[in-house]
Each structure stands twice: as C-alpha cells, then as structure tokens.
Amino acid sequence: MTDMKWSIKKLIEMYDEILSHPHKTEIKRELRDEDDLFLLLCVSELLGIPNPVSYYTLEIYPVIIERFHEWHLRMGMEKSPLEGIRCC
C-alpha cells in the first residue's frame, strides 16, 4: 500500500513538473512582479505615496530593506532613490 501511495505522489509531482516546465520563466517573472508590487506597497510611505496598511507593514521592514538594493537595480536605478536608505 505504501508503494502505491509513493508512486501516486511521484506521478503527481512528475505531472506538475511536465506542465510547469515550459512556463518556468513566466512564473518567475510573475512572482517577481508581485514581489515588486508588494515592496512598493511596503515602502510607499518613504516614496511619498499614502499607504493605508503602513501600520501592518512595520514588522516586515527589516526584511524588505535587505531586498531593496536588488529591487532598485532591477527598476533601472543605479543608486538608491531614497536618502534614508543607503544600500549602495
């Protein structure tokens, strides 16, 4: 019985891999775009955009600051656009 469960699980994983393989770059791009939007929402107060959820995003600022450098380079900015955040 355990061999059958294992083989079904393995088949499902293989099926998922076959379906998602041609679209991996699209999926990565979509995830990156969602991440960029989330980052923009989290640092919108620093950019001067009113953010209604700023109280809830305070807890995750330390994590976001670490990824801010990668984000502004991907957006085409050579240096940090914010004076308060110097990552370069």
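Student: What pattern does the chain follow along the sequence?
Tutor: Read from one end to the other, the chain goes α-α-α-α-α. Keep in mind that this is a predicted model.

Student: And how many helices and strands is that?
Tutor: The secondary structure comes to 5 helices and 0 strands.

Student: How much of the chain is buried?
Tutor: Buried residues make up 18% of the 88 residues.

Student: What about the accessible surface, how much of that belongs to carbon and sulfur?
Tutor: Carbon and sulfur atoms account for 62% of an accessible surface of about 7,500 Å².

Student: Let's pick one residue. Where does Ile64 lie?
Tutor: Ile64 is in helix α5, which covers residues 61-74.

Student: Is Ile64 buried or exposed?
Tutor: Ile64 counts as buried because its relative accessibility is 4%, and the cut-off for buried is under 20%.

Student: Which residues is Ile64 in contact with?
Tutor: If you leave aside neighbours within four places in sequence, Ile64 is in contact with Phe38, Leu39, Cys42 and Val43.

Student: How far apart are Ile64 and Phe38?
Tutor: In sequence, Ile64 and Phe38 are 26 residues apart. In space, the C-alpha to C-alpha distance is 9.7 Å.

Student: For the chain, what share of contacts join residues at least 24 apart?
Tutor: That share is 23%, counted among contacts between residues at least 6 apart in sequence.

Student: How many salt bridges does the count come to?
Tutor: The count comes to 4 salt bridges.

Student: Start with Asp35. Which residue does Asp35 form a salt bridge with?
Tutor: Asp35 pairs with Arg67, and their closest N and O atoms are 2.3 Å apart.

Student: How far apart are Asp35 and Trp71?
Tutor: Asp35 and Trp71 are 36 residues apart in sequence, with 9.2 Å between their C-alpha atoms.

Student: OK, next salt bridge. What does Glu70 pair with?
Tutor: Glu70 forms a salt bridge with Arg74, where the closest N and O atoms are 3.1 Å apart. Both residues lie in helix α5 and are 4 residues apart, about one turn of the helix.

Student: How exposed are Glu70 and Arg74?
Tutor: Glu70 counts as exposed at 52% relative accessibility, whereas Arg74 is partly exposed with a relative accessible area of 29%.

Student: Which residues are linked in a network of salt bridges?
Tutor: Asp36, Glu70 and Arg74 are linked that way.

Student: Tell me about Asp36 then. Where is Asp36 found, and is Asp36 buried or exposed?
Tutor: Asp36 is found in helix α2. Asp36 counts as buried because its relative accessibility is 9%.

Student: What does Asp36 touch?
Tutor: Not counting residues up to four places away in sequence, Asp36 touches Trp71, Arg74 and Met75.

Student: And what does Glu17 pair with?
Tutor: Glu17 forms a salt bridge with Lys24, with 3.5 Å between the closest N and O atoms. Glu17 is partly exposed at 41% relative accessible area, and Lys24 is partly exposed at 34%.

Student: Now the surface. Which residues form the negative patch?
Tutor: The negative surface patch is formed by Glu26, Glu30, Asp33 and Glu34. Glu34 is found in helix α2 and counts as exposed at 52% relative accessibility.

Student: Which residues make the nonpolar patch?
Tutor: Leu37, Leu40, Leu41, Leu47 and Ile49 make a nonpolar surface patch of about 410 Å².

Student: Which helix gives the largest share of that patch?
Tutor: Helix α2, residues 24-42, gives the largest share, with 3 residues. Leu37 is in helix α2.

Notes. Residues numbered from 1 in each chain as written. Predicted model: local features only at pLDDT ≥ 70, side-chain atom pairs only at ≥ 80, totals over all residues. Heavy atoms only, no water. Patch = residues over 30% accessible without salt bridge, like charges linked within 9 Å, V, L, I, M, F, W, Y side chains within 5 Å. Areas by Shrake-Rupley, 256 points an atom, 1.4 Å probe, with all protein chains shown as cover. Salt bridge = Lys/Arg side-chain N within 4 Å of Asp/Glu carboxyl O. Helix = DSSP H or I, 4+ residues; strand = E, 2+ residues; numbered from the N terminus. Buried < 20%, exposed > 50% of the residue type's maximum accessible area, 1.4 Å probe, protein only. Contact = heavy atoms within 4.5 Å. Lys, Arg positive; Asp, Glu negative; His and termini not counted. Charge placed at Lys NZ, Arg CZ, Asp CG, Glu CD.
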